[in-house]
Amino acid sequence: MTLSADRVSWHRGGALVVDGVSLHPRPGSTVGLLGPNGSGKSSLLRLLQGVARPDDGRVRLDEEDLTGLRRRDIARAVAAVSQHADTDVDLTVRDVVRLGRTPHRSVWGGDTAADAEAVESALAQVLLTEKAEHGWHTLSGGERQRAQIARALAQQPRELLLDEPTNHLDIRHQLELLALVSALPVTTVVALHDLNLAATFCDEVVVLRRGAVVAAGTPIEVLTTALIADVYEVDARAEVDPVTGRLAITYVWERPPSS
């Protein structure tokens, strides 16, 4: 089994931000959470991570309710990467990645051979081995995101939760990052704004609006011209590229007449 949600609802600040959402990712798949700003993507990720408790419904890990599990046990299986991660402390890239081993450390602390192996493996997976001793603040935005993913991988999780990981990255780094994530041997749930990126890298997508699920399925099934017009209120053409076999979305926008 994997991390799942069954009809979860959550009020935050008096507002209903997640409304009866169910999510059952296939093990090893990449699931995209889509929807306009304020649709509930980040709130749903908080519930899946166990840092917030639903008012109704259940989030389960291997059929066990997250509310009955210790934070350490959840962190050994579920890793999360937020939109913005920074520190004022002068850390090296290796230091940042090593933080991912915290859930596996004993009360006596200290690195073990298993910790070192996990850190080195995580650095290699995100292609940052050569920059392991570089300072965090010397990294580019794309490198920082990769370092944060390496920290999450050092936890050796089965589930990876990503909240808008491509924000503030240029196109090349967006593609590199999502290619890396989609190839990882973990179940991934990723909140995204870019529909073409979701169509390219996600096995399934879930579209949210005002906290509720509007549609779910493969990108080709879900991201239709009609749905994009309804949910995002823009005109678009959603067509399957005959060469790649992937969905390609072209937005139709008329420039307003000049005054």
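Me: Which residues does Thr-187 touch, not counting residues up to four places away in sequence?
Reply: First, a heads-up: this is a predicted model, where local features need pLDDT of at least 70, side-chain atom pairs count only at pLDDT 80 or more, and totals for chains, interfaces and linings use all residues. Residues are numbered from 1 along each chain as its sequence is written, and side-chain values use heavy atoms, with hydrogens and water left out. Contact means heavy atoms within 4.5 Å. By that rule, Thr-187 touches Thr-2, Pro-25, Arg-26, Pro-27, Gly-28, Ser-29, Arg-158, Glu-159 and Leu-160.

Me: Is Thr-187 buried or exposed?
Reply: Thr-187 lies in strand 8, residues 187–191 (strands are DSSP runs of E, at least two residues, numbered from the N terminus). Buried means under 20% relative accessible area, exposed over 50%, partly exposed in between, with a 1.4 Å probe and protein chains only. Thr-187 has 3%, so it counts as buried.

Me: Which backbone nitrogen does the side chain of Thr-187 reach?
Reply: Look for the nitrogen 2.8 Å from that side chain. The backbone nitrogen belongs to Gly-28.

Me: Which strands stand at the edges of the sheet?
Reply: Six strands form an open, mixed sheet in the order 6-7-8-3-9-10, where two strands pair if DSSP finds at least two bridges between them. Each edge strand has a single partner, so one side of each is left without a neighbour in the sheet. Those are strand 6 (78–81) and strand 10 (212–217).

Me: What is the bridge partner of Leu-34 in strand 9?
Reply: Strand 3 (residues 30–34) pairs with strand 9 (residues 204–209) in the parallel sense, over four bridges. In strand 9, the partner of Leu-34 is Val-207.

Technical notes:
A polar contact is a pair of N or O atoms within 3.5 Å; within protein, one must be able to donate a hydrogen and the other to accept it, and residues adjacent in sequence count only if both atoms are side-chain atoms.
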